[in-house]
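I want to note what I looked up, one entry at a time.

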Amino acid sequence: MSSLINDSFIKTLQLKKTSYTPVWIMRQAGRYLPEYRKTRANAGSFMDLCRNTDFATEVTLQPLDRYPLLDSAILFSDILTIPDAMNLGLDFVQGEGPQFSNPIQNESDAKKLDIPSMEKLSYVFDAVRSIKEALKNRVPLIGFAGSPWTLATYMIEGRGGTDFLTIKKMAYSRDDLIHHILKINAESVTQYLAEQIKAGVNAVMIFDSWGGALSHHDYEKYSLNYMKVIVQNLNLMGYEDIPKIIFTKGGGQWLKQQVSANPNAIGLDWQTSLSEARKITNNKVALQGNMDPSILLGSEKNIEHAVKKILDDYGEGEGHIFNLGHGITQFTEPEKVEIMLQVVREYSQQFH
Ligand code: CP3
């Protein structure tokens, strides 16, 4: 790790001292960037972009080339690569998001499900190796996967943007089936992240985008416990030194429970106060977040104000990674991102 030229992100994950607050942006390579839209048009479909090593490398580096103040790269891929490799028939429908033509609808579908061969996902590990080479150790590279619960929502609902009634009906009537699926997902994610680590990623993040749809009594049972198993198993496999970030969107009320999963960092959305979260987590983990992405649609003056409020809220000391509370929207003007990054870099130095 010491070979990284800019290791402020990794140092913060280890709760070590840095001279400013590091920053990266969820979905930093994406449609708000004209250079991304150009490469995306050349690639054809979104999955073609992910599967082509050169294109995936190019788009991963685009935000870093545009914004020298970014402190990390994130692998360009998607959480749905795993269900795709499970033959559920993934298709990204223009303007409608992801859809599966063979979702899991009954016991027989669930029983047929298996951990995919990592061979099928080799395009992801090839992209990691190629991106690492292209980065020349400028900044670290984050690998990622979806949480078992979040993957299951897509695998069972068959699409995004639902009210989760199909998966909840299964959970509340066939607890055995849902746990069978979640177990397979957890083992698949563990193997997948281990392969990303072997290929060279410097940290891993588990996106639990829909854990917040669960009740207080069900969050640990269906979502957190499976993330816990992934963290534990990666550590048992000898990857204790690779920092692990968990992020449950809408999960700010379960921070104590999240600490028990033993991650290095917890991602926060914008509903949660960083100072409150810091008190609850007692400086045992780093905190990543948490500006509302729509702030970037507003004025320069308001962006500056909002960034400062977040940095003030965290306050003095180490352990904060600045980020948005969810992915950047495609309607963001790229110049607004530059302002956010400059304010983070300049204003955060007083706290370190
Ligand atoms: O952060 C990054 O820059 C890395 C790339 C990344 C993508 N998806 C690329 C992408 C990451 C980390 C993801 C994770 C992901 N994918 C999540 C978890 C994070 C979250 O947003 O909650 C989820 C739920 C998905 C599933 C997914 N992929 C959806 C719902 C969509 C369609 C909605 C949308 O924003 O378009 C995607 C497609 C997708 N994944 C795009 C990108 C850049 C847009 C596709 C395009 O270019 O047309």
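**Entry one: Thr150.** I began with Thr150, which lies in helix 8, residues 148–157. Helices here are DSSP runs of H or I with at least four residues, numbered from the N terminus. Before going on, I noted that this is a predicted model, where local features need pLDDT of at least 70, side-chain atom pairs count only at pLDDT 80 or more, and totals for chains, interfaces and linings use all residues. Residues are numbered from 1 along each chain as its sequence is written, and side-chain values use heavy atoms, with hydrogens and water left out.

Is Thr150 buried or exposed? Its relative accessibility is 0%, so I put Thr150 down as buried (under 20% relative accessible area; exposed is over 50%, partly exposed in between, with a 1.4 Å probe and protein chains only).

I then looked for partners of Thr150. Its side chain makes a polar contact with the side chain of Asp208, at 2.9 Å. A polar contact is a pair of N or O atoms within 3.5 Å; within protein, one must be able to donate a hydrogen and the other to accept it, and residues adjacent in sequence count only if both atoms are side-chain atoms. Setting aside neighbours within four places in sequence, I found Thr150 in contact (heavy atoms within 4.5 Å) with Ile79, Phe207, Asp208, Ser209, Trp210 and Gly211.

I checked the cover of helix 8 and found ten of its ten residues buried. Just after helix 8, I saw that Gly158 has a positive phi of about 85°.

Thr153 is also in helix 8, and I list Thr153 as buried because its relative accessible area is 2%. Not counting residues up to four places away in sequence, Thr153 touches Gly158, Phe164, Ile167 and Trp210. I also looked up Leu165: Thr153 and Leu165 are twelve residues apart in sequence, and their C-alpha atoms are 9.7 Å apart.

How do helix 4 and helix 7 pack? I read an angle of about 45° between helix 4 (residues 53–66) and helix 7 (residues 122–135), with axes 9 Å apart. Axes are lines fitted to C-alpha atoms, for helices over the stretch in contact, and angles run from 0 to 180 degrees between N-to-C directions. From helix 4, residues including Thr53 and Leu64 take part in the meeting with helix 7, whose residues include Asp126 and Leu135.

Notes: Helix = DSSP H or I, 4+ residues; strand = E, 2+ residues; numbered from the N terminus.
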